[in-house]
Amino acid sequence: MKIVKILGGLGNQMFQYALACSLKAHQPDEEVALDLHCFKGYHLHNGYELERIFHPSFRDASLKNIIKVAYPYCNYNFWRIGSRILPTRKSMVTEDPRKAVDTSILSRKGSAYYDGYWQSEDYFKDIRNDILKAFTFPDFDEKNKAYSEIIVNSNSLSIHVRRGDFVNHPLYKDICTLQYYQDAIKRICALAKIDHVFIFSNDIRWCEDSLSLFLNDQMTTYIDWNKGSQSYNDIHLMSLCKHNIIANSSFSWWGAWLNPNPDKVVISPRIWDNSGAVSNPICKDWIKI
């Protein structure tokens with residue numbers, strides 16, 4: 001059995017689930033299950049969202065299943081402590097940000113437990129159609145449907161700005177600055193004739209005050225109504241835009257990656273975070289500035 005731990009916000013959950021799908025595709029005779037136990041006591045973001053939005057095809061792993069291949073943490077706090085002090089078991093595959101992406105983990109034989117975020121398309125880009133099918137969003141409500149039609153019928157650009165918890169976080173701050181967005185908008189407008197810009201953010205007021213200075217020639221809509229458990233609609237809307245400017249956030253990464261436009265232009269920050277990690281999620285065909 002292959003067990004993949006699921007934890008984090010929706011974007012990270014999608015990366016982990018994509019790894020699970022890839023494990024199944026590469027080893028179809030192996031059972032794949034998801035470890036959801038760390039969501040007990042986890043109070044960040046919107047909790048576990050995959051079930052509500054995408055209805056995963058893999059079953060939940062029991063503690064009895066987990067104990068055979070990993071430490072059976074029954075909640076988030078136990079995992080935070082245990083993962084720091086206990087040695088890695090031979091049957092555990094843990095992500096090491098100091099090393100490059102290692103796709104050999106997909107063909108590893110025998111039962112194993114996968115603990116990490118796995119933020120790279122290299123783990124699943126060869127089964128892109130399967131991933132697109134797995135991440136089929138629910139139907140829009142009336143308001144989002146109306147705006148989705150505008151998006152689809154225009155040469156649209158999505159811009160995602162993540163502020164809030166990122167502004168002063170030492171791992172993420174000073175990457176997606178105002179200068180980054182100014183340069184990204186200038187670059188993409190030189191490559192594509194944009195006629196409608198859709199801005200997504202957890203700080204719309206900052207976007208209205210700051211980005212409007214660089215968007216004088218384009219019609220601009222600020223998407224500010226998808227809150228809390230409905231936030232996933234923003235990823236869906238971003239994925240329908242013809243082009244994307246993303247933040248250093250898995251949330252907008254998925255909006256760009258799911259975008260089916262064969263001629264899309266995606267702009268991302270050159271640096272994903274301040275950790276100095278060898279690998280990062282930025283796709284090779286995206287423009288990095």
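Author: Here it is, and note that this is a predicted model. Let's start where Asp 234, Ile 235, Met 238 and Ser 239 of α9 meet Phe 251, Ser 252, Trp 254 and Gly 255 of α10.

Reader: How do the residues of that α9 and α10 contact divide: nonpolar, polar, charged?

Author: Four are nonpolar, three polar and one charged.

Reader: And at what angle do the axes of α9 and α10 cross?

Author: Roughly 40°, and the axes come within 7 Å. Helix α10 covers residues 250-257. The crossing of α9 past α10 is right-handed.

Reader: Next, α6 and α9. How far apart are their axes?

Author: The axes are 9 Å apart, at an angle of about 20°. That angle makes α6 roughly parallel to α9. Helix α6 is residues 142-152, and α9 is residues 232-240.

Reader: Which residues make the contact there?

Author: From α6, Asn 144, Ser 148, Ile 151 and Val 152. From α9, Asn 233, Leu 237 and Leu 240. That set has four nonpolar residues, three polar and no charged ones.

Reader: Is the crossing of α6 past α9 left-handed or right-handed?

Author: Right-handed.

Definitions and conventions:
Residues are numbered from 1 along each chain as its sequence is written. This is a predicted model: local features need pLDDT of at least 70, side-chain atom pairs count only at pLDDT 80 or more; totals for chains, interfaces and linings use all residues. Side-chain values use heavy atoms; hydrogens and water are left out. Axes are lines fitted to C-alpha atoms, for helices over the stretch in contact, and angles run from 0 to 180 degrees between N-to-C directions. Helices (H or I, at least four residues) and strands (E, at least two) are DSSP runs, numbered from the N terminus. Angles under 35 degrees count as roughly parallel, over 145 as roughly antiparallel, 65 to 115 as roughly perpendicular and the rest as oblique. A crossing is left-handed if the near helix is turned anticlockwise from the far one by less than a right angle, and right-handed if clockwise. Contact means heavy atoms within 4.5 Å. Ala, Val, Leu, Ile, Met, Phe, Trp, Tyr, Cys and Pro count as nonpolar, Asp, Glu, Lys and Arg as charged, and the others, Gly among them, as polar.
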